[in-house]
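Let's take a friendly walk through a protein structure. Have a look at the model below, and then we will go through its parts together.

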Amino acid sequence: MSTNDTPPEEPKVPEQPPREIRKGPQPGEQSAAPSAPRPGEPAAEPSPPAAPGPPAGPAESAGPAESAESSGPAESVEPAESVEPEMTGRQRLAAGLWPLRASRAQLIVALLLFVLGLGLAIQVRSNSDSGALRGARQEDLVRILDELDSRTKRLEDEKQQLEDQRKELESSSNQAEEARRQTVEKERQLGILAGTVAAQGPGITMKITDPRGQVESDQLLDALQELRAAGAEAIQVNGVRVVAGSYFSDEGGQIAIDGKKIAQPYEFKVIGKPQDLEPALNIPGGVVQTLEKEQATVAVTRSAKIVVDALRAAKQPDYARSSSS
């Protein structure tokens, strides 16, 4: 054998890559069967088969987290639900109020509450109507109280006079003469009230000047009513005697009393107690303030002697007769 002879070459065995232990499912492979559920837990739904993918390359060793996740059963993926639009506050309020979901007991309670609220509202309104003078000053309230006391005193005096007359008629030896005297006195009093007899006494004079012509007949009528309520016994306006049946009207741009036109300034002559008549005209919201809002000027003057000499013709009643005849 020659030394240059080389030994025959041994056939080479192809090397195989080292096998990797795959702990999780690879793409293209199905996951292992889920483990049996524990007692009390719902059984997991089987997952759908995965779509086949490209051949897997050299697998890398999975980390501890991946191995823990892959070891568990596969969970089914549910389709996402459609998201509803968010409702506004007004829509939520409407949905809560309608349709009505009230029971019979709730309806009865609502009806009772409504009746109770209505009664309270009526009571409050009646109380507010009675307190019209709450905003008045203390001096005005004292003045009004004095007027009420004066009216009460006048009525008590009149009652006492009637009782005295009755006693005189019962105790008088000559009842016929006493009755005649009282009849004459009563006739004089009634004549003053009816305007058939002139009268004089203490009182006031009220003069109203209206340069703009804004004063109307109803405002003069309010002044007359206020004076009567304060105890006026005889009243005369611009030479016209005012009695119980007198009326005021507007005729052709002028004010008329019982159909007789009067021109301004309007002058009231009133017989009565001046301490009651003047404050009655000057109360808050009274005659003087109402006329001054119409740009009129009002002057009230007290006097110890007022003469009311305008007379009215006595009318014979057509149907009424004395009950003694």
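This is a predicted model: local features need pLDDT of at least 70, side-chain atom pairs count only at pLDDT 80 or more; totals for chains, interfaces and linings use all residues.

We begin with an open sheet of three strands, which follow the order 4-5-6 with antiparallel pairing. Strand 4 (248-251) and strand 6 (260-262) are at the edges; each has a single partner strand, so one side of each is left without a neighbour in the sheet. From one strand to the next, the twist averages 40°.

What holds strands of a sheet together in general? Strands pair through backbone hydrogen bonds, and they can do this in a parallel or an antiparallel way. Here, strand 5 (residues 254-257) pairs with strand 6 in the antiparallel sense, over three bridges. You can find one such spot yourself: isoleucine 257 has lysine 260, in strand 6, as its bridge partner. Helix 6 (residues 217-229) packs on this sheet and touches strand 4 and strand 5. The direction of helix 6 makes about 160° with that of strand 4.

## A five-stranded sheet

Now for another open sheet: five strands in the order 3-2-7-1-8, again with antiparallel pairing. Which strands stand at its edges? They are strand 3 (240-242) and strand 8 (297-308), and each of them pairs on one side only. In this sheet the twist averages 25° from one strand to the next.

Strand 2 (residues 234-237) and strand 7 (residues 266-271) are antiparallel partners, joined over four bridges. If you look for isoleucine 235, you will see that it stands opposite valine 270 in strand 7.

## Helices across the sheet

Helix 7 (residues 274-281) lies across strand 1, strand 7 and strand 8. How is helix 7 angled relative to strand 1? Helix 7 runs at about 20° to strand 1.

## A nonpolar patch on the surface

Finally, let's turn to the surface. Leu111, Phe114, Val115, Leu118 and Ile122 form a nonpolar patch there, and together they have about 530 Å² of accessible area.

Is isoleucine 122 buried or exposed? Its relative accessibility is 54%. The cut-off for exposed is over 50%, so isoleucine 122 counts as exposed.

Terms used. Residues are numbered from 1 along each chain as its sequence is written. Side-chain values use heavy atoms; hydrogens and water are left out. Patches are made of residues with over 30% relative accessible area and no salt bridge: like charges are joined within 9 Å, nonpolar side chains (Val, Leu, Ile, Met, Phe, Trp, Tyr) within 5 Å. Accessible areas come from the Shrake-Rupley method with a 1.4 Å probe; for residues, only the protein chains shown count as cover. A salt bridge is a side-chain nitrogen of Lys or Arg within 4 Å of a carboxyl oxygen of Asp or Glu. Buried means under 20% relative accessible area, exposed over 50%, partly exposed in between (1.4 Å probe, protein chains only). Two strands pair if DSSP finds at least two bridges between them. Helices (H or I, at least four residues) and strands (E, at least two) are DSSP runs, numbered from the N terminus. Axes are lines fitted to C-alpha atoms, for helices over the stretch in contact, and angles run from 0 to 180 degrees between N-to-C directions. Contact means heavy atoms within 4.5 Å.
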